[in-house]
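Please keep the model open while you read.

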Amino acid sequence: MTRVAVVGVGAVGGVVAAGLMSTGRADVTACVRSPLGGLRIVRPDGSALETSVPEVADSSAVSPAEWVVLATKAHQTAGAGPWLRRLCGAGTRVVVLQNGVEHVERVAPLVGAARVLPAVVEISAESQRRGHVRLFGRPRLTVPSGDDGADFAALCQGSGIEVTSTGDFVTAAWAKLCLNAANGAVTALTMQRMPVFAGPRIARLGRALVEEARQVASASGARLPEDLADQVVARLRAMPPESGSSMLWDRLAGREMEYDARNGAVVRAGARLGIPTPYNETVTALLEAVSPPGNGS
Ligand SMILES: NC(=O)c1ccc[n+]([C@@H]2O[C@H](COP(=O)([O-])OP(=O)(O)OC[C@H]3O[C@@H](n4cnc5c(N)ncnc54)[C@H](OP(=O)(O)O)[C@@H]3O)[C@@H](O)[C@H]2O)c1
């Protein structure tokens, strides 16, 4: 049995914890702040995966694991530091299931000698109440190719989560961030669902946010199509009217939003590369102003 600890057992972490439990090859521990009482994942076809996962709520009670799955929101990473410090030994690998492109910079300082494996998360899921997650679509993760990526894919075999490895992780991560640069910021700032992109001015704003991110991505080595901004906005306009974004749900619920790992990351990379990002800077400032004060939790 492979010893796996999951830190951040919300929507994404819940799907991964339950999937790994179901393989029968992983000894999974859920590292939680308050009790879950088991996991129930409802799949798109209405079938449910129910499982009980051993839970620990005290970080001083854990010891190094073979794999740590970190699936908190990006801004909650520092708050998960006490877990990471206790769970990581020299042979531990930490797979980071978070949005953005700064997985390694964010997590490596917290894990000592453990190795960090970044992942692009395509798990569309909603945490409805503690331990109860609704899954939309087929859960997929993309990791960089190499030994750690191959071992993580093997760990997930039979879990219902498809893990793809790529030799061009830079492009995979930036492609997701370009999409996220527009959808989260615009829906959260306007407090409206995806049909907000039907408006021509909002569509122009969406294209501008994505185009800045694409230019920064290209200068960072990502290979993305020149008409990406048009493609992204067309895709957002075609989404079902009830679709929103996790930043919209967080804003409506009065929770801190994950804007810094998205638009903030575009601004930081742009500044490093000498590429102006005024639209992303503006929405970052606005989101910072309306996001409840961050306490890393
Ligand atoms: N959900 C999606 O559809 C989706 C899709 C693609 C990418 N992503 C990305 O995946 C990442 C995770 O998102 P999510 O939607 O799964 O978030 P989420 O549902 O909010 O789950 C985050 C979990 O982390 C836990 N947590 C936070 N700080 C902690 C700490 N110090 N110790 C222990 N647990 C802690 C929270 O616990 P509490 O319950 O105690 O607050 C919560 O259960 C984000 O980067 C997100 O952008 C999500």
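The notes below cover the ligand site and then an aromatic pair. This is a predicted model, in which local features need pLDDT of at least 70 and side-chain atom pairs count only at pLDDT 80 or more, while totals for chains, interfaces and linings use all residues. Residues are numbered from 1 along each chain as its sequence is written, and side-chain values use heavy atoms, with hydrogens and water left out.

**Around the ligand**

- The ligand is surrounded by 25 residues (a heavy atom within 4 Å), and the closest are V12, R33, N99, R130 and E258.
- Domain 1 (2-166) and domain 2 (169-290) both contribute to this shell, so the ligand lies between them; the bounds come from an automatic or database domain assignment.
- Strand β8 (115-129) and helix α1 (11-23) each supply at least two shell residues, and β8 gives the most, with 4.

**Contacts with ligand oxygen atoms**

- A side-chain N or O atom of R130 sits 2.9 Å from a ligand oxygen.
- Backbone N or O atoms also take part: one of A125 is 2.9 Å from a ligand oxygen, and one of G10 is 3.3 Å from a ligand oxygen.
- The protein buries 84% of the 890 Å² that the ligand exposes when taken alone (Shrake-Rupley method, 1.4 Å probe).

**The aromatic pair**

- The structure holds 1 aromatic pair (ring centres within 6.5 Å).
- W67 and F152 form this pair, 5.4 Å centre to centre with 50 degrees between the planes, which is tilted (stacked is under 30 degrees, edge-to-face over 60, tilted the rest).
- W67 lies in strand β6 and F152 in helix α4, so the pair ties together parts 85 residues apart in sequence (helices are DSSP runs of H or I with at least four residues, strands runs of E with at least two).

Key: Polar contact = N/O pair within 3.5 Å; in protein donor to acceptor, adjacent residues only side chain to side chain. Phe/Tyr/Trp six-rings, centres within 6.5 Å; stacked < 30°, edge-to-face > 60°.
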